[in-house]
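Q: I have a model open and would like to go through some of its residues. Can we start with the charged ones?
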Amino acid sequence: METLKDKKTKKESGIRSKISGAEAIIHCLLAEGVDIIYGYPGGAIMPVYDELYKFQDQLSHILTRHEQGAAHAAQGYARATGKVGVAMATSGPGATNLVTGLADAQIDSTPMVCITGQVPRHLLGSDAFQETDIIGISTPVTKWNYQVTKASEIPEIMAKAFYIAKSGRPGPVLVDITKNAQFDELEFDYKPCNQVRSYQPYPEPDKGSLQEAAALINNAKKPYIVYGQGVILGKAEKELKAFVEKAGIPAAWTILGLSAMETDHPLNVGMVGMHGNYGPNVLTNECDLLIAIGMRFDDRVTGDLDTYAKQAKIIHFEIDPAEIDKNVKVDVAVLGNAKDSLQQLLPMIKENSHESWHNEFKKKHQQEYEAVIKADLNPQKPGLTMGEVIGAINKASGDNAVIVSDVGQHQMIACRYARFTQSKSNITSGGLGTMGFALPAAIGAKMGAEDREVVAIIGDGGYQMNIQELATIFQNKTAVKIVVLNNEHLGMVRQWQELFFEKRYASTVMTNPDFVKIAEGYHLKARRVEERSDLQEAVTEMIQSKEPYFLEVRVEKEDNVFPMIPSGASVSDIRLK
């Protein structure tokens with residue numbers, strides 16, 4: 001097979017050499033260091049798949065069983081590695097099936113490039129077979145998108161796509177490529193993109209703002225840090241830890257910030273949010289200084305904005321100017337990558353301990369332990385709890401697994417009780433709350449972090465939304481460990497129905513199939529646990545397996561997740577029962 005190098009040699013020797021747009025796409029991907037693509041072929045993207053077939057030794061394609069699965073797998077890969085995930089689909093329904101994954105990646109700032117095929121240029125706007133306006137559809141849920149109609153555009157647009165996806169605040173990009181552009185030829189010359197006019201992805205931290213922030217921090221009596229995924233995306237884990245330890249400030253995480261610092265660090269005080277820990281929520285309204293690092297003041301974190309931290313000065317470290325003062329008005333904004341900002345801040349900070357303030361968090365934790373945690377992790381009732389399953393996974397994995405959770409009660413329990421020792425270990429759908437996320441995302445995470453155990457924690461509802469991806473696991477022998485916590489309900493909705501709708505369980509009771517038989521039908525090792533005496537042994541067997549493994553755990557049907565901030569209530573109104 002003639003290589004690109006051979007073609008360049010011909011060009012340099014005066015022999016005209018061109019490649020097709022489809023082949024150019026493959027060379028662009030290779031130039032960007034892509035090693036895995038998740039996708040599903042179809043007519044409008046077939047020329048690219050034909051070229052991909054010729055490059056199998058350089059670029060792996062993972063055939064998912066649904067395009068939504070491809071998008072979530074690309075997300076899982078990106079979240080586990082920090083690289084750009086890549087998904088590919090055909091036009092029409094293939095492209096529209098990517099939209100949920102795009103929306104999820106957009107709100108969770110996940111770097112992803114999606115490539116879609118499109119009908120030929122001359123048929124655009126004619127309602128041709130499998131034509132949809134994917135540019136119009138995806139505009140609200142992408143960081144950038146573009147429709148390529150000429151082969152000559154491909155190198156520049158692909159370079160721009162990867163740059164935009166991974167720079168600054170990351171996000172998903174969609175490139176739609178008409179079929180004629182895939183067939184037509186071009187003189188290929190790829191130049192990586194390192195700037196886009198009017199786009200400034202890395203604002204330089206302002207020294208004056210840093211000095212203002214340092215003065216507030218050094219003079220605060222009850223300072224409090226809430227850190228989010230911006231720490232992980234900015235590779236600022238070491239800087240965060242150094243700042244927290246030098247200043248002696250209690251630090252809490254958002255769901256997506258979880259694992260940026262080891263969960264057992266003595267200055268880590270827990271999780272904020274609707275089902276977060278009692279102290280971090282209540283004491284938000286007692287601190288005199290709130291330091292937000294790489295988080296966006298989501299409504300699930302703030303509760304009622306009219307009562308959120310009104311007594312406190314607020315500092316916001318953030319890379320995206322659009323997030324400043326969007327939900328919460330702040331006193332000092334420090335724009336920039338969290339790593340750069342914290343590096344420059346650290347020499348300005350005085351050493352401190354704030355022991356009496358820390359004791360307040362310890363007291364609140366003890367209250368929560370007696371009211372909630374003890375019963376979750378060491379229950380006295382016969383039925384299994386979700387919390388003790390997470391505890392068994394922690395023990396079997398040595399707190400070193402990547403936990404990929406779906407959406408619902410099990411997600412909140414996993415984020416509350418999973419323990420982590422390294423970053424990029426907690427992968428979940430945060431902002432969009434996408435049921436069906438975990439199974440395909442775990443596939444991508446395992447392929448990106450082959451040396452780590454990857455455990456998908458899924459409810460019986462979300463599991464059935466993308467259950468077909470068991471075939472992807474089987475075909476690729478991906479050693480994902482799947483745990484379905486089966487309570488035969490759509491648990492989170494049922495909890496709300498119990499607490500706020502007088503136990504009218506409208507459409508939340510689930511009559512489920514035999515999950516073990518289904519897993520065995522895909523040739524996966526499978527087991528069911530219903531008794532506490534079998535739990536730890538089964539989880540250990542699963543973790544130690546070198547192959548994919550499915551474990552169904554039958555848990556209490558009507559267990560609720562507490563603490564809980566009722567929707568629209570203040571963080572001070574968090575309920576322990």
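Q: Is E488 buried or exposed, or in between?
A: E488 is partly exposed, at a relative accessible area of 22%. Buried means under 20% relative accessible area, exposed means over 50%, and partly exposed is in between (1.4 Å probe, protein chains only). This is a predicted model, where local features need pLDDT of at least 70 and side-chain atom pairs count only at pLDDT 80 or more, while totals for chains, interfaces and linings use all residues. Residues are numbered from 1 along each chain as its sequence is written, and side-chain values use heavy atoms, with hydrogens and water left out.

Q: Which side chain does E488 meet in a salt bridge?
A: That of K557, at 2.8 Å from N to O. A salt bridge here is a side-chain nitrogen of Lys or Arg within 4 Å of a carboxyl oxygen of Asp or Glu.

Q: Where in the chain are E488 and K557?
A: In distant parts, 69 residues apart. E488 is in the loop between β18 (481-486) and α22 (491-500), and K557 is in the segment after β20 (549-554). Helices (H or I, at least four residues) and strands (E, at least two) are DSSP runs, numbered from the N terminus.

Q: Changing topic: which residues of helix α24 are buried?
A: In α24 (residues 532-544), the buried ones are L535, A538, V539, M542 and I543. Seen down the helix axis, the buried residues of α24 fall within an arc of 130 degrees, so they line one face. The arc is that of the directions from the helix axis to the C-beta atoms.

Q: Why would residues three or four places apart point the same way?
A: An α-helix has 3.6 residues a turn, so residues at that spacing point the same way.

Q: What do the buried residues of α24 pack against?
A: They pack against α17 (386-397), β17 (454-459), β18, β19 (525-529) and β20. On the other side of α24, S533 and Q544 are exposed.

Q: Where is T142 found?
A: In the loop between α7 (134-138) and β6 (144-148). T142 is buried, with a relative accessible area of 7%. Its side chain reaches the backbone oxygen of S138 at 2.9 Å.

Q: What is T142 in contact with, leaving aside its neighbours within four places in sequence?
A: L102, Q106, P172 and L174. Contact means heavy atoms within 4.5 Å.

Q: Last one: is Q411 buried or exposed?
A: Q411 counts as buried, at 5% relative accessibility. Q411 sits in helix α18 (residues 409-417).

Technical notes. Polar contact = N/O pair within 3.5 Å; in protein donor to acceptor, adjacent residues only side chain to side chain.
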